[in-house]
Amino acid sequence: MRFVIRSRPSRILIFASTFGSSRPGLAAKRLPLLFPLSHASAFLSASFSRAAPPPSSLSPAAPPPSSLASRPMSDEVAAARSAAVGGDDGAPTVFDNVLSGKWPSDKVHEDDLCLAFRDISPQAPTHVLVIPKVRDGLAKLSNAREDQKGLLGHLMYVAGEVGRKECPEGFRVVVNDGEHGAQSVYHLHLHVLGGRQLSWPPG
């Protein structure tokens, strides 16, 4: 449709012409429309708005989220699955070698109850492990007994002190438990992670 505008005193004469009709045999028509000046602007604005095609979406539709099962398995998850086969049997772990001094470690804190040292495979600029010196059945958090509540509180306190000193902008304390918790070493340990913006939710 095309509009032809001609002015008149206090009025506007608008000719609306139709073109390109999809119905055969229909000739173009020219329809005079006489409007007061105060109404012509509104008419034209509404007409052009109806004629305009709908705006396209600002962005293409997001693809559906991939299935969690289709994501590649991380090395840590693979190690956790392997460790879960016999991990909670009380057998010595790599942490026994660290505690005995057989393997060197970058110590951050040590007292009578626990040891804190830097992870050799850090997942953040600051990644410290806090472990009890005596396992005493604490292969994982879910094994904790009521008489071990004091030890658990001490481990959390030390983790908080390490985080406060090394990550003044904030940090995260993580405890992995069992296969689905991606626990790869069956000696209770707390991860202190920080030094960058951490995402949420984890995993």
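Mentor: Let's go through strands, cores, a loop residue, cysteines and salt bridges in turn.

Mentor: This is a predicted model, where local features need pLDDT of at least 70, side-chain atom pairs count only at pLDDT 80 or more, and totals for chains, interfaces and linings use all residues. Residues are numbered from 1 along each chain as its sequence is written, and side-chain values use heavy atoms, with hydrogens and water left out.

Trainee: Okay, strands to begin with. Which strands pair with β8?

Mentor: Helices (H or I, at least four residues) and strands (E, at least two) are DSSP runs, numbered from the N terminus. Two strands pair if DSSP finds at least two bridges between them. Here, β8 (190-194) pairs with β6 (residues 126-132) in the antiparallel sense over 5 bridges. β8 also pairs with β7 (171-174), again antiparallel, over 4 bridges.

Trainee: Is β8 buried or exposed?

Mentor: Buried means under 20% relative accessible area, exposed means over 50%, and partly exposed is in between (1.4 Å probe, protein chains only). For β8, 5 of the 5 residues are buried, so this strand is largely enclosed by the rest of the structure. Both faces are covered: L190, V192 and G194 sit on one side, with H191 and L193 on the other.

Trainee: And what does β5 pair with?

Mentor: β5 (114-118) is joined by 3 bridges to β4 (residues 107-110), and the two run antiparallel. They form a hairpin with 3 residues between them, in which H109 has A116 as its bridge partner. As for cover, 4 of the 5 residues of β5 are buried.

Trainee: Next, cores. How many residues does the largest nonpolar core have?

Mentor: In soluble globular proteins, nonpolar side chains tend to be buried together. A nonpolar core here is a set of buried Ala, Val, Leu, Ile, Met, Phe, Trp, Tyr and Cys residues joined through side-chain atoms within 4.5 Å. The largest one has 13 residues, and V130, L155, V162 and V192 have the most contacts inside it. β5, β6, α4 (149-166) and β8 each supply at least two residues of this core. α4 gives the most, with 5 residues.

Trainee: What does L155 touch?

Mentor: Contact means heavy atoms within 4.5 Å. Leaving out residues up to four places away in sequence, L155 touches C114, V130, I131, P132, L188 and L190. There is also a second, separate core of 7 residues, which includes F95, F117, I131 and V185.

Trainee: How many disulfides does the structure hold?

Mentor: A disulfide is a covalent bond between the sulfur atoms of two cysteines. The test is a pair of cysteine sulfur atoms within 2.5 Å, and the structure holds 0 disulfides. C114 is buried, at 0% relative accessible area, and C167 is buried at 4%.

Trainee: Last one: how many salt bridges are there?

Mentor: A salt bridge is a side-chain nitrogen of Lys or Arg within 4 Å of a carboxyl oxygen of Asp or Glu. The structure holds 9 of them. In one, D96 pairs with R135, the closest N and O atoms being 4.0 Å apart. That pair links distant parts of the chain: D96 is in helix α3 (residues 94-100) and R135 in the loop between β6 and α4, 39 residues apart. D96 is partly exposed at 28%, whereas R135 is buried at 13%. Elsewhere, K107 and E110 form a salt bridge with closest N and O atoms 3.2 Å apart, and D106, R118 and E166 are linked in a network of salt bridges.
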